[in-house]
Amino acid sequence: MNKYLIILLTATAMLAGSCEKTNPDDNSFNLFSVEDDIKLGQQVSAEIAANPQDYPVLDSAQYPQAYAYVYDMRNKILNSGYVYYKDRFPWTVKIIQNDAELNAFATPGGYIYVYTGLIKYLNAEHQLAGVLGHEMAHSDRRHTTDQLTKIYGLSIIADYLLGNNQGLITDIAATLVSLKFSRGNETDADDYSVIYLCPTEWKADGAAAFFEKLLEAGTASPPEFLSTHPNPGNRVQNIKDKKTALGCTGTGTFDQRYQNFKNTLP
């Protein structure tokens, strides 16, 4: 009975905490508070940093030009005016050296990871900006902890909040690499990718251009990090429709600038 009481009290505290200073447009069922998102992101980031065999993150001191480029991209998205937790999450971006991985993922609280395999697969700046915006939306819209609530359940989340959590942190770090979001979460992240890019000089449908590249190459489904639903073709159309509905006017793809960026990578 005591265990269930602890779980109930934990859930009550989490729900109460999540009502304070949260995005009023967030209607997900999420048992993590915003502060929990930040704390969990920090812990998962530390777990990734401690595991260079699985996550060989490029050293920013060794590759300053590459990191300056991705942080400039991040800043443009943050300054779009539509990232709700812009000043609350740390919004770090790390590049993982693995050319075989066509992947990117985001932790709760705004820690973003992009694989060199994905970067080298793309051929224009607005495509990476679209993917980065998509991943930042997952953090800002709190899709990750919404999904983790569903995956792990209340009892395990209670253990996390009570400090019995190192094994859970390790599991979550592994889970985030291939986390599949709900159809609603993916559509929301696609939409916000367009919303973030719309005030910029980029073509706002960069994420759609990425899907088109996959389809042209004959890829049956997108990589794990973009889930397998909705259908990539439908997502292309939905993203383009969102750009049209918002009246986005940016036309920049910056192909040569993107190639110069790729040339700074190992």
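Buried here means under 20% relative accessible area, exposed means over 50%, and partly exposed is whatever falls in between (1.4 Å probe, protein chains only). The model is a predicted one, so to speak of local features takes a pLDDT of at least 70, and side-chain atom pairs count only at pLDDT 80 or more, while totals for chains, interfaces and linings use all residues. Numbering runs from 1 along each chain as its sequence is written, and side-chain values rest on heavy atoms, with hydrogens and water left out.

First, the overall layout. The chain has 11 helices and three strands, where helices (H or I, at least four residues) and strands (E, at least two) are DSSP runs numbered from the N terminus. Read from the N terminus, the order of elements is α-α-α-β-β-β-α-α-α-α-α-α-α-α. Of the 266 residues, 53% count as buried. The chain exposes about 11,600 Å², with carbon and sulfur atoms supplying 51% of that; such areas come from the Shrake-Rupley method with a 1.4 Å probe, and for residues only the protein chains shown count as cover. Contact means heavy atoms within 4.5 Å, and among contacts in the chain with a separation of 6 or more, residues 24 or more positions apart account for 73%.

Next come the helix pairs. Two packed helices are described by the angle between their axes and the distance between the axes. The axes are lines fitted to C-alpha atoms, for helices over the stretch in contact, and the angles run from 0 to 180 degrees between N-to-C directions. For helix α3 (residues 64-78) and helix α5 (residues 125-140), the axes come within 10 Å and cross at roughly 60 degrees. That makes α3 oblique to α5, given that angles under 35 degrees count as roughly parallel, over 145 as roughly antiparallel, 65 to 115 as roughly perpendicular and the rest as oblique. The α3 and α5 crossing is right-handed; the near helix is then turned clockwise from the far one by less than a right angle, with anticlockwise giving a left-handed crossing. On the α3 side the contact involves Y69, V70, M73, R74, I77 and L78, which meet E125, L128, A129, L132, G133 and M136 of α5. This α3 and α5 set splits into nine nonpolar, one polar and two charged residues, with Ala, Val, Leu, Ile, Met, Phe, Trp, Tyr, Cys and Pro taken as nonpolar, Asp, Glu, Lys and Arg as charged, and the others, Gly among them, as polar.

Helix α3 also packs on helix α11 (residues 255-262), at an angle of about 135 degrees and with the axes 9 Å apart. That makes α3 oblique to α11, and here the crossing is left-handed. A66, Y69, V70 and K76 of α3 make this contact with R257, Y258 and F261 of α11. The residues involved are five nonpolar, no polar and two charged. Though not a glycine, F254 has a positive phi of about 55 degrees, and with a relative accessible area of 25% F254 is partly exposed.

Helix α5 has another partner in helix α8 (residues 183-197): their axes come within 8 Å and cross at roughly 125 degrees. That makes α5 oblique to α8, in a right-handed crossing. From α5 the contact takes in H126, A129, G130, G133, H134, M136, A137, H138 and D140, and from α8 N185, E186, A189, D190, Y192, S193, Y196 and L197. These divide into seven nonpolar, seven polar and three charged residues.

K86 is found in the loop between α3 and β1 (92-96). Setting aside residues up to four places away in sequence, K86 touches L78, N79, W91 and D140. K86 and D140 are 54 residues apart in sequence, yet 8.1 Å apart in space, C-alpha to C-alpha. R142 lies in the loop between α5 and α6 (143-161) and, at 2% relative accessibility, counts as buried. Its phi is near 60 degrees, a positive value in a residue other than glycine. Beyond its neighbours within four places in sequence, R142 is in contact with D26, N30, F32, S33, V34, D37, Y85 and A137. R142 and G110 are 9.3 Å apart, C-alpha to C-alpha, at a sequence distance of 32 residues.
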